[in-house]
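Welcome! Please take a moment with the sequence and the model below, and then we can walk through them together.

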Amino acid sequence: MLATETAREQLESISNKFPDLYSKDGLEEELERYTHTAVSNIKFNLIIKPAVISFIALVVSFFLDLSTVPILGDVTIKIAQSLFPAWQPNANMISPYSFWWLPVVVYALFIFLSYLAYNKLRLEIIRTPASETIDRIVSSYTSVIDSISTALPLIGAAILLISIQLGQEVFLGLSVPFEVKALIVLALGKLFEPVLDQLGVEFQNVVNHVSDIKERYFSRIQIENSKNLLKQLSGGSGSVARGAEITLKDLESYKNILEQTARLSELIQRNFATVHSVLEKISTVQSISPEKILQLKELANSITQASHSLGDEKTVTGLKYLESIVVKR
């Protein structure tokens, strides 16, 4: 207790002698100004570079079609004739439905979802610049895109199984071309994920820079507080040696207080450990019945009476006579 009281008195005297110099107004203004500027500099067109691969896959999807494609015509038949010049298409071949538009519509939906994610990130980072916010938003929109791209092939597989019973015309004319485009959509969804990752990286750079500003700010404040502390310890006399001497004394006093506090804490910890061990042992002991308690009480009373009897003079004299008789025999 003495060490605790001494430490408390010393800390109170130091806190009165050196008031707190930290101020967060400047930091908040600087962070708010930087965040608005940095976020406004992030444009949506940054998705162009990571979207190149998925766009190329979209273009390739026009050449993977069983029906007629606008401008390109019968792409599949032309490719087959170029690979096998002697091959001729069957005149009675079933004309399948055209699903060339399905990957285009889904890809446009992916672009729209990425734009929503971009706007959501801008609002949330300005409000609370944190890495957890970026991960949550990017993960949610990535899950939506992945769900859409995965659901279409599953739906196509179900249609494919149903159309087997309906006949060759439905199977080749509807189910197969739809399943082909659904698989292309699945590939587009997987290739589109780097777009959202790039959005997360750009906004993460803003969050990292905000953290750097905070670290530099508090480091600067700490240096200024150290300088002001040394000036006040010097007593305003302008003597560096005198200030250094007082600082060493204060540091020595702090060291002694910390050592006393550490010893006191260690002692308290040992006491708590001992009490905890005793309580654990007591908790493991089986409950004592009332009959056993009465027996123990009677035994304690008998021992108490015997001890009082041993203190009686007549009893002591009788024991001495008994001892002399036993010795003579």
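## Starting from a serine

Let us begin with Ser54, which lies in helix 3; helices here (H or I, at least four residues) and strands (E, at least two) are DSSP runs, numbered from the N terminus. Ser54 is buried, with a relative accessible area of 0%. Buried means under 20% relative accessible area, exposed over 50%, and partly exposed in between (1.4 Å probe, protein chains only). Not counting residues up to four places away in sequence, Ser54 touches Tyr107, Leu188, Leu191 and Phe192, where contact means heavy atoms within 4.5 Å.

A word on how to read all this: the model is predicted, so local features need a pLDDT of at least 70 and side-chain atom pairs count only at pLDDT 80 or more, while totals for chains, interfaces and linings use all residues. Residues are numbered from 1 along each chain as its sequence is written, and side-chain values use heavy atoms, with hydrogens and water left out.

## The whole chain

The protein chain has 10 helices and zero strands. Of its 329 residues, 25% are buried. Its accessible surface comes to about 22800 Å², and 63% of that belongs to carbon and sulfur atoms; these areas come from the Shrake-Rupley method with a 1.4 Å probe, and for residues only the protein chains shown count as cover. Among contacts between residues at least 6 apart in sequence, 78% join residues at least 24 apart.

How confident is the prediction? The chain averages a pLDDT of 75, and 69% of the residues score at least 70; pLDDT is the predictor's confidence in each residue, from 0 to 100. Over residues 1–23 the pLDDT is below 50, and this stretch has 23 contacts in the model beyond near neighbours in sequence. Residues 239–246 also have a pLDDT below 50, with four contacts beyond near neighbours in sequence. Where pLDDT is low, the predicted coordinates should not be read in detail.

## One face of helix 3

Back in helix 3, which residues are buried? They are Ser54, Ala57, Leu58 and Ser61. Viewed down the axis of helix 3, the buried residues fall within an arc of 105 degrees, so they line one face of the helix. The arc is that of the directions from the helix axis to the C-beta atoms.

Val60 is found in helix 3 too, but Val60 is partly exposed, with a relative accessible area of 41%. From C-alpha to C-alpha, Val60 and Ile184 are 9.3 Å apart in space, although 124 residues separate them in sequence.

## The nonpolar core

A nonpolar core is a set of buried Ala, Val, Leu, Ile, Met, Phe, Trp, Tyr and Cys residues joined through side-chain atoms within 4.5 Å. The largest one here has 37 residues, and Leu121, Ile125, Ile134, Leu188, Leu196, Leu199 and Phe203 touch the most other members. Helix 2 (25–41), helix 3 (52–61), helix 5 (101–127), helix 6 (131–166) and helix 7 (168–233) each supply at least two residues of this core. Helix 7 gives the largest share, 12 residues. In soluble globular proteins, nonpolar side chains tend to be buried together.

Phe203 touches Val39, Ile42, Tyr118, Leu121, Arg122, Ile125 and Ile134, leaving out residues up to four places away in sequence. Phe110 is found in helix 5 and counts as buried at 0% relative accessibility. Beyond its neighbours within four places in sequence, Phe110 is in contact with Ile145, Ile148, Ser149, Leu188, Gly189 and Phe192.

Where does Asp65 lie? Asp65 is in the loop between helix 3 and helix 4, and is buried, with a relative accessible area of 3%. A polar contact of 3.2 Å joins the side chains of Asp65 and Lys181. Such a contact is a pair of N or O atoms within 3.5 Å; within protein, one must be able to donate a hydrogen and the other to accept it, and residues adjacent in sequence count only if both atoms are side-chain atoms. A polar atom of the Asp65 side chain also lies 2.9 Å from the backbone nitrogen of Ser67.

Ile71 is found in this loop between helix 3 and helix 4 (75–83) as well. Ile71 is exposed, with a relative accessible area of 88%. The phi of Ile71 is near 70 degrees, a positive value in a residue other than glycine. Most residues other than glycine have a negative phi.
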